[in-house]
2 protein chains.
Amino acid sequence: MSTYGQFCPVARAMDLLDERWTLLVIRELLEGSRHFNELRRGVPRMSTALLTKRLRTLVAAGIVERHEDTSRVVYELTPAGQELRGIVEALGTWGIRWMPELGDEHLDPHLLLWDLHRNLDLDAMPDTRTVLAFHLHDTRPAARDWWVVASDGQVDLCDVDPGWEVTARIEASLETLTRVWVGEIAWEQAVRVGALRTIAAESIRRQVPRWLKLSAFAKVPRPGGGDVLGA
Amino acid sequence: MSTYGQFCPVARAMDLLDERWTLLVIRELLEGSRHFNELRRGVPRMSTALLTKRLRTLVAAGIVERHEDTSRVVYELTPAGQELRGIVEALGTWGIRWMPELGDEHLDPHLLLWDLHRNLDLDAMPDTRTVLAFHLHDTRPAARDWWVVASDGQVDLCDVDPGWEVTARIEASLETLTRVWVGEIAWEQAVRVGALRTIAAESIRRQVPRWLKLSAFAKVPRPGGGDVLGA
DNA sequence: CAGTATCCATTTCGATACTG
DNA sequence: CAGTATCGAAATGGATACTG
């Protein structure tokens, strides 16, 4: 890690934090990932070597602690690391307000489902096993169908059919589902224009949007002033 | 500017902001610098070519506006850029709390005086011309003596004696004055241990610490809990 | 004042394959 | 599961000199 050679605390912080990928790894840790291969799923474009390197740097800086729990390695944020939450949230809030709309280069089915599956509102869902099947019609075959299985307070993500009865099937393009996820368009609006479809028993169908919590940044007010979600 | 290929708003923001130097340029703009060579003084280790490049990127991203005001080029933050203030402040607050103490590699006399001179409390100072002479005894000759001249609501920084009568002379090591500036030690404490000296008429001498406003981050509470400034 | 232009050493990182 | 090892392409950016 190089240094800016400035005493300014902003520069001191950036000495550590502005390296590529660093704050995304921290974001994943804040989201609750604790194991190496769990972190990888949140930053799939990062090579394992680079992830290792960043984790080491963060451990050395006192942001992360590494434990060799019996049989599994665990990474955890220290108090210093926890205190980055406000910065990560502020960055996301700024990003959603001021960065241009999503382009194809930002779309990633695996990442989307990974995010979706860890943000289900279990309290709003039935206590019995619930299976949501997602079909992204415009995506390459291997990334087209996904199953999110909630049971016993646990949520699993599968890219092959786990075989359980499907509670609801959600069909959309990758772009549409991503835009809904980040709050660029409202679920109801996507349904209205035919870009998103839920196939399920009528009573279930109306519940589904409440089961998906959307991105933490989806409801950040946009600079235009108009509330997209209400439109 | 490369992209992380993620729809996550944190990643979107970092696509733009985690490039080296970018947030320091923004910090300078937030501090009020508006001209190219003014910006350079805040990021002296950055080459002109790189500063140009970053400014261009920021203009293209809608963070900065460039005007060719008659005879001078002016850079200004757009509303999107202004909204980064909270992030920069949070980074500085985090940095002062959690980064290790200052090392020699972070000390820079020019940068220190540049910061000092733009953070004088003019309201607390006499209305007449006031000249503060700084002597950093451990610094290379060319960076040892500085004069900060306040008159008519303007403050100028000189590295050669401007000739005016000196109101107060402040002597310290570069390290001491920097530590005082960022709040690692209190002015009074530095005086008590003989690391800092003010030479002026007695009535003036007690005023001087109130004329210098210190870094905006100097009074951030440190994680230890002990308030260094009160110690 | 506000940049351009050029060169090249260094760094970075992605891809790929392998390991206890 | 949690990494290591290696390699080479590409990008980065520092130094230096120059310009309208």
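Me: Which residue does B:Arg118 form a salt bridge with?
Reply: In this predicted model, B:Arg118 pairs with B:Glu28, the closest N and O atoms lying 3.1 Å apart (a salt bridge is a side-chain nitrogen of Lys or Arg within 4 Å of a carboxyl oxygen of Asp or Glu).

Me: Which parts does that pair tie together?
Reply: B:Arg118 lies in the loop between α7 (109–117) and β3 (130–136) of chain B and B:Glu28 in helix α2 (residues 22–31), so the pair ties together parts 90 residues apart in sequence; helices (H or I, at least four residues) and strands (E, at least two) are DSSP runs, numbered from the N terminus.

Me: Buried or exposed, B:Glu28?
Reply: B:Glu28 is buried at 1% relative accessible area, whereas B:Arg118 is partly exposed at 22% (buried is under 20%, exposed over 50%, partly exposed in between, with a 1.4 Å probe and protein chains only).

Me: And what does B:Glu76 meet?
Reply: The side chain of B:Glu76 meets that of B:Arg34 in a salt bridge of 3.0 Å, N to O. B:Glu76 sits in strand β2 (residues 72–77) and B:Arg34 in the loop between α2 and α3 (36–42) of chain B, so this pair joins parts 42 residues apart in sequence.

Me: Switching to chain A, what does A:Glu184 bridge to?
Reply: A:Glu184 bridges to A:Arg179, with the closest N and O atoms 2.1 Å apart; A:Glu184 is buried at 17% relative accessibility, and A:Arg179 is buried at 13%.

Terms used: Residues numbered from 1 in each chain as written. Chains lettered and ligands numbered in written order. Predicted model: local features only at pLDDT ≥ 70, side-chain atom pairs only at ≥ 80, totals over all residues. Heavy atoms only, no water.
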